[in-house]
Amino acid sequence: MTRPPLTLYLAAPRGFCAGVDRAIKIVEMALSKWGAPVYVRHEIVHNKFVVDDLRAKGAVFVEELDECPNDRPVIFSAHGVPKAVPAEAARREMLFVDATCPLVSKVHIEAARHHDNGLQMVMIGHEGHPETIGTMGQLPEGEVILVETVEDVGKITPRDPEKLAFITQTTLSVDDTAEIVAALQARFPAIIGPHKEDICYATTNRQEAVKAMAPKADAMLVVGAPNSSNSKRLVEVGARAGCQYAQLVQRATDIDWRALQGIRSVGITAGASAPEVLINEVIDAFRAHYEVTVEVVETAVENVEFKVPRVLREPA
Ligand code: SF4
């Protein structure tokens with residue numbers, strides 16, 4: 001049987017970012033240094049494949065610190081944790097390693113600096129996302145007001161509109177966030193913020209690549225997890241950039257071949273927590289159905305790398 005031709009656009013950059021790469025290395029190095037079990041508070045990164053792989057090597061994933069024994073190491077996920085969490089680990093004299101992405105820590109430092117200068121914070125982020133919880137948890141209750149939409153900006157009642165600063169989650173949609181920032185600046189002209197927002201290089205670059213790829217693809221698949229904020233934003237960005245069919249898939253088995261009937265091109269990308277092995281699995285699935293020609297759509301070259309903490313770098 002002859003397979004129909006298909007142009008497969010492959011976004012670059014896609015997949016793992018420096019923060020995810022570092023967080024996974026931290027768990028692997030902790031396992032090799034201290035042996036299993038090593039506890040990890042929350043999914044180290046939002047990807048089931050990665051989590052299952054580390055679990056098989058001896059990592060134990062929990063949601064709260066009180067599920068960890070005092071005498072085993074615990075690692076905090078790349079999303080960051082409220083200040084109270086390391087404080088409690090220190091009080092219990094636990095061995096802990098913080099795998100918070102340095103770009104999330106930068107936002108934590110920014111928030112603390114503004115707070116020290118007497119400003120109340122507005123955080124643009126998604127309620128309930130661990131990064132938002134971690135960042136809001138850097139300051140005392142009531143010091144950070146969360147807004148998720150432009151409409152929310154009209155509803156908030158800060159203590160003093162003249163003494164405000166904003167911060168953002170790192171994995172938001174660049175375009176949506178720009179609208180929310182504009183609404184904040186219109187309502188609170190004195191508000192202080194970062195130069196643009198706190199959206200990280202990896203989120204920005206993956207969205208740019210999707211914007212370049214999506215208009216020419218009949219369909220677009222984002223390899224990523226349903227709880228991965230940056231992956232979900234890539235689906236939205238693809239749809240908004242003109243792709244008729246943009247879907248999130250965790251594995252090749254999630255591909256809805258019936259919905260793809262008649263397509264002549266597909267765009268593939270992956271969220272920052274999706275490993276390349278899963279992207280290759282999806283490409284191979286397309287090769288089984290079509291005569292595939294791959295075209296890379298490259299909009300940026302990344303060479304960011306973050307060091308692992310010293311405690312893991314020293315010889316055991
Ligand atoms: S998406 Fe950005 S902020 Fe999040 S872990 Fe990756 S580099 Fe860090």
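**Ligand shell, cores and local backbone features**

By class, the shell around the ligand comprises 10 nonpolar residues, five polar residues and no charged residues; here Ala, Val, Leu, Ile, Met, Phe, Trp, Tyr, Cys and Pro count as nonpolar, Asp, Glu, Lys and Arg as charged, and the others, Gly among them, as polar. The structure is a predicted model, in which local features need pLDDT of at least 70 and side-chain atom pairs count only at pLDDT 80 or more, whereas totals for chains, interfaces and linings use all residues. Residues are numbered from 1 along each chain as its sequence is written.

In total, 15 residues surround the ligand, the closest being Cys 17, Gly 19, Cys 101, Thr 170 and Cys 200; a residue is placed near the ligand if its C-beta atom, placed from the backbone, lies within 6 Å of it. Two or more residues of this shell are given by each of H1, helix H4 (102–116) and helix H8 (201–213), and the largest share, three residues, comes from H1. Helices (H or I, at least four residues) and strands (E, at least two) are DSSP runs, numbered from the N terminus.

Val 107 is placed in helix H4. With 26 C-beta neighbours inside 10 Å, Val 107 counts as buried; the criterion for a buried residue is 20 or more other C-beta atoms within 10 Å of its own, for an exposed one 12 or fewer, with partly exposed in between, and C-beta atoms are placed from the backbone. Neighbours within four places in sequence aside, Val 107 is in contact (C-beta atoms, placed from the backbone, within 7 Å) with Thr 135, Ile 167, Thr 170 and Asp 198. Val 107 and Pro 69, 38 residues apart in sequence, are separated by 30 Å in space, C-alpha to C-alpha.

The largest nonpolar core contains 55 residues, and those with the most contacts inside it are Val 27, Ile 44, Ile 75 and Met 121. Helix H1 (residues 18–34) gives the most to this core, with seven residues. A second, separate core of 30 residues includes Leu 6, Ala 217, Val 237 and Ile 279. A nonpolar core is defined as a set of buried Ala, Val, Leu, Ile, Met, Phe, Trp, Tyr and Cys residues joined through C-beta atoms within 7 Å. Residues up to four places away in sequence not counted, Met 121 touches Ala 111, His 114, His 115, Leu 139, Glu 143, Val 144, Ala 165, Phe 166 and Ile 167.

The buried residues of H7 are Thr 177, Ile 180, Val 181 and Leu 184. These residues cover an arc (of the directions from the helix axis to the C-beta atoms) of only 100 degrees around the axis, which puts them on the same side of H7. Their cover includes strand S6 (120–124), strand S7 (144–147), helix H6 (150–155) and strand S8 (164–168). The exposed residues Ala 182 and Ala 186 are carried on the face of H7 turned away from its buried side.

Two cis peptide bonds are noted: that from Ala 12 to Pro 13, with omega near 5 degrees, and that from Ala 36 to Pro 37, with omega near -5 degrees. Pro 13 lies in the loop between strand S1 (5–12) and H1, and Pro 37 in the loop between H1 and strand S2 (38–41). His 42, in the loop between S2 and helix H2 (48–56), has a positive phi near 75 degrees and counts as buried, with 22 C-beta neighbours inside 10 Å.

Key: Two residues are in contact if their C-beta atoms, placed from the backbone, lie within 7 Å.
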